[in-house]
Amino acid sequence: METPSSQSSFEPVRQVCTSCKARKRKCDKALPKCSSCTKKNLSCEYLTPEQSRNSLSGPNRLWYDLQGEDEGVDVQTIDLPTILFLDPSLLRYGQVETPQIAPHVPAHILHLLGDMDEIRATASTFFAHIHLWMPFISKKRFHAHYLRTTFQFQPDIVLLLLSLKLITTLPPTDPQNPRTSLYHTVKHFYLEVESSSTLSIQVLQAGVLLALYELGHAIYPAAFLSIGACARYAHALGINVRGNLNTLRVLTLVEVEERRRVWWAIVILDRFVSIGCPGRPFATADPRLDDLLPADDTLWDQGIVRSYESFTLLSPMTSHMSSFALLCQAARLLGQVLHHVSHDSATHSDVWMQLDRTLQSMLTASLEVESPDTDQITFIYSALIALYTPTPRLSTDGITTVDDNRSQRARVVMQQISEKISSNLVVKKCFSGRNHEDMSPWGLYMAYRVCAFHMGSGREDPTSLEVVKGLNEGFHIIDYRWNAAGVYLQLLEAQEVMKSIP
């Protein structure tokens, strides 16, 4: 090292000082100390040419260290997002240059990702498990464009890869706390990339993964807020915004399909996050009947999208629809259920009868396919139970009113679901042999409400006891993957304690 005491010239040197480089600050390279270090009263040292060469070519240099130095260049140009929000008409003529200055990716972020083998392993885990029930990232495009070492210079792709690592990492068990250092790092880096005026679908997909992580691990109100942020970011990208300028260049049907799927993923999360407490406004508009549903899942994974095989919400439910398309239809119905049960006239309306029939029809269609999708079916069950979750209301004279017909139907529905659970969970042992990494959090609300129903009914017949015992065992299994299961177990314990209080 050459220190200020060993030099007397005030002429600038070629290298930035080690302090400015570590702090990612602009360095004027003055001697004996640069202006930044002088101002902050920091030690200022410069690498000799030989030391600099050794640091750049040493055997311990990893791929994520091979980045250019951040000189802290000030950029005064107007960026694309600013124009899109203030006057998008300027872009219609294609004569506005909007240089994109990508923010620096900190070395510790790249270090968290690991080497390329670790990154590929993380991607494989995601596509082998979570992608099966939430397929909103193009597998074909991901492997073709994102697994290149040049991604280290693209913060949006780094953010997406880091979010994949977060969602595929099982939560710690001792102590059991999903708010890990990795979670906080992803959260902070997401805000950093978002505030850098970077508009890309990769940032949006990372936000959806982050929101899914928070929902699955019952991190509230963060999950609710993150889903709302995803909806607004999608609007900023021009996704599902009719009649507005599209902010991203989309050239292939696969890209169009990816944008559609990420929007439906947000709609699903936006409805499900409020299933336990209806009444909060949705961040996304209610899907329209002419909105297209996701295309065939298997073909899309292969990079094939056939526009002539598209379905809309008006299309009848058939076995030709993809699992994700049926899940999207269920999410739309869940939105209608939550709208209905939070409405002042819900107890005096016959709307619930129509919703019941529609959900039962969807359930039948989901069960009659060759390979029924367990996650999709539990989502429909959850929506059906949400329709009958007790919501006592005060009448004009201050007396609590309950619809007797609806209450009777609720008991029938709960009993039917309990019989299915007894058959599949207790008798057929459907949890045995299933990888907990494959499981979604969609069935947790259903299981909780069924347990609460049996505990509150006061019945202690063998079937009820077996159902509650089987669901409790299921909660413990899923808790290894989604900590929301453990939270529901605590809520059941709280109900049991309150029930025992005279």
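The chain folds into 21 helices and 2 strands. Keep in mind that this is a predicted model.

Some totals for the chain. There are 502 residues, and 46% of them count as buried. The exposed surface comes to about 25,700 Å², with 54% of that supplied by carbon and sulfur atoms. As for contacts, take those between residues at least 6 apart in sequence: 71% of them join residues at least 24 apart.

The largest nonpolar core has 123 residues, and the members that touch the most other members are Met134, Trp442 and Phe475. Which helix gives the most to this core? That is helix H15, residues 323-341, with 12 residues.

Let me stay with Met134 for a moment. Setting aside neighbours within four places in sequence, Met134 is in contact with Leu212, Ala265, Leu269, Phe324 and Trp442. Trp442 was also on the list of residues touching the most other core members.

Ser274 sits between helix H13, residues 253-272, and helix H14, residues 297-301. Is Ser274 buried or exposed? Its relative accessibility is 2%, and the cut-off for buried is under 20%, so Ser274 counts as buried. What does Ser274 touch, not counting residues up to four places away in sequence? The residues are Phe224, Arg280 and Leu338.

Methods
Residues are numbered from 1 along each chain as its sequence is written. This is a predicted model: local features need pLDDT of at least 70, side-chain atom pairs count only at pLDDT 80 or more; totals for chains, interfaces and linings use all residues. Side-chain values use heavy atoms; hydrogens and water are left out. Helices (H or I, at least four residues) and strands (E, at least two) are DSSP runs, numbered from the N terminus. Buried means under 20% relative accessible area, exposed over 50%, partly exposed in between (1.4 Å probe, protein chains only). Contact means heavy atoms within 4.5 Å. A nonpolar core is a set of buried Ala, Val, Leu, Ile, Met, Phe, Trp, Tyr and Cys residues joined through side-chain atoms within 4.5 Å. Accessible areas come from the Shrake-Rupley method with a 1.4 Å probe; for residues, only the protein chains shown count as cover.
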